[in-house]
Amino acid sequence: MGRQNASSSEGFILVGFSDRPRLELGLFVVVLTFYLLTLLGNVAIILLSTLDARLHTPMYFFLANLSFLDVCFTTGSIPQMLYNLWGPDKTISYVGCAVQLYFVLALGGVECVLLAVMAYDRYVAVCKPLHYTVIMHPRLCGQLASAAWLSGFSNSLIMAPQTLLLPRCGHRRVDHFLCEMPALIGMACVDTTTLEALAFALAIFIILTPLLLILTSYGYIARAVLGISSAVGRRKALNTCSSHLAVVSLFYGTIIYMYLQPANAYSQDQGKFLTLFYTIVTPSVNPLIYTLRNKDVKEAVKKVLGKGWVRFFVALSGFVRMGFDLS
């Protein structure tokens, strides 16, 4: 019993890439750069969506929710990651690990559902444009956003305690740089088949169901676009949806690979790099993909901050795109 409770009193050791010090130094610079870009881009979207009346639409309301989510997600995980990458101390307290696990799971679940909500918004905009403002009224938008946040946090409230309470027989070394559920399950010294089955069942609800709704929405959108006779109209409809599709592909590709298979089905290094991707890359490119090249946002920046800042944001979008291409 004493060995099983050791991790509770002493915390965990996040191994990360400690066996490759040069890689850690390079990762520190990369992670810090992407973190600052994430904060800058997403905070800008939140402020512009609040300050400019032209952006008080359902689309930008959901984008502001996504940006707030990305800021919370990265701030809840990256500072600890930077601390561990920079110095020899790789420890994290039990409470710190529990909080990190809870919010990583919760905010990841929120994003899954929120992306489905945004797909529905695009479906209404393309397939029912004349009724868009009637259907997507502020009350419904608030209810849909609330449902996304509630779903993610409820899922985490089930899985995080179950994962943390697994007996580990004194094992404290987490072969990861975050308190990730697959890594913590892999440390257990008991059979975890039941817990993994529960995780898979909840993943169907929180990951696959939203994905099915997204694909259904875009099936209707594709049919509507094919029915548009004007090439300009088709291009406008596709531009409306292409950003969302790009983010869905980036996010769901890594999430499905991480959480819809047993914890021991892939190498730890694969899991680490996949986690790096959806922890630092996806949140930083979301502002670029969605809005930094958007005419409405550029006009909002011009109105709120002046023409000089428009050129700055255009340059920033090019820099982020170049960094993403290199990654």
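Me: Is C112 buried or exposed in this predicted model?
Reply: The model is predicted. Buried means under 20% relative accessible area. C112 has 2% relative accessibility, so C112 counts as buried.

Me: What class does C72 fall into, buried, exposed or partly exposed?
Reply: The partly exposed class lies between the buried cut-off of 20% and the exposed cut-off of 50%. C72 has a relative accessible area of 29%, so C72 is partly exposed.

Me: How many disulfides are there?
Reply: A pair counts when the cysteine sulfur atoms are within 2.5 Å. C97 and C179 have their sulfur atoms 2.0 Å apart. C169 and C189 are joined too, S to S 1.9 Å. The count is 2 disulfides.

Me: What handedness does the disulfide of C97 and C179 have?
Reply: The torsion about its S-S bond is about -125°.

Me: Which parts of the chain does the pair C97 and C179 link, and how many residues apart are they?
Reply: C97 sits in helix α4. C179 sits in the loop between β3 and α7. These are distant parts of the chain, 82 residues apart.

Me: What handedness does the link of C169 and C189 have?
Reply: The angle about the S-S bond is 80°. The link of C169 and C189 is right-handed.

Me: Where in the chain is C189, the partner of C169?
Reply: C169 lies in the loop between α6 and β3. Its partner is 20 residues apart from it. C189 is in the loop between α7 and α8.

Me: What is the pairing of the bonded cysteines in sequence order?
Reply: C97 bonds with C179. C169 bonds with C189. Numbered in sequence order, the pairing is 1-3, 2-4.

Conventions
Residues are numbered from 1 along each chain as its sequence is written. This is a predicted model: local features need pLDDT of at least 70, side-chain atom pairs count only at pLDDT 80 or more; totals for chains, interfaces and linings use all residues. Side-chain values use heavy atoms; hydrogens and water are left out. Helices (H or I, at least four residues) and strands (E, at least two) are DSSP runs, numbered from the N terminus. Buried means under 20% relative accessible area, exposed over 50%, partly exposed in between (1.4 Å probe, protein chains only).
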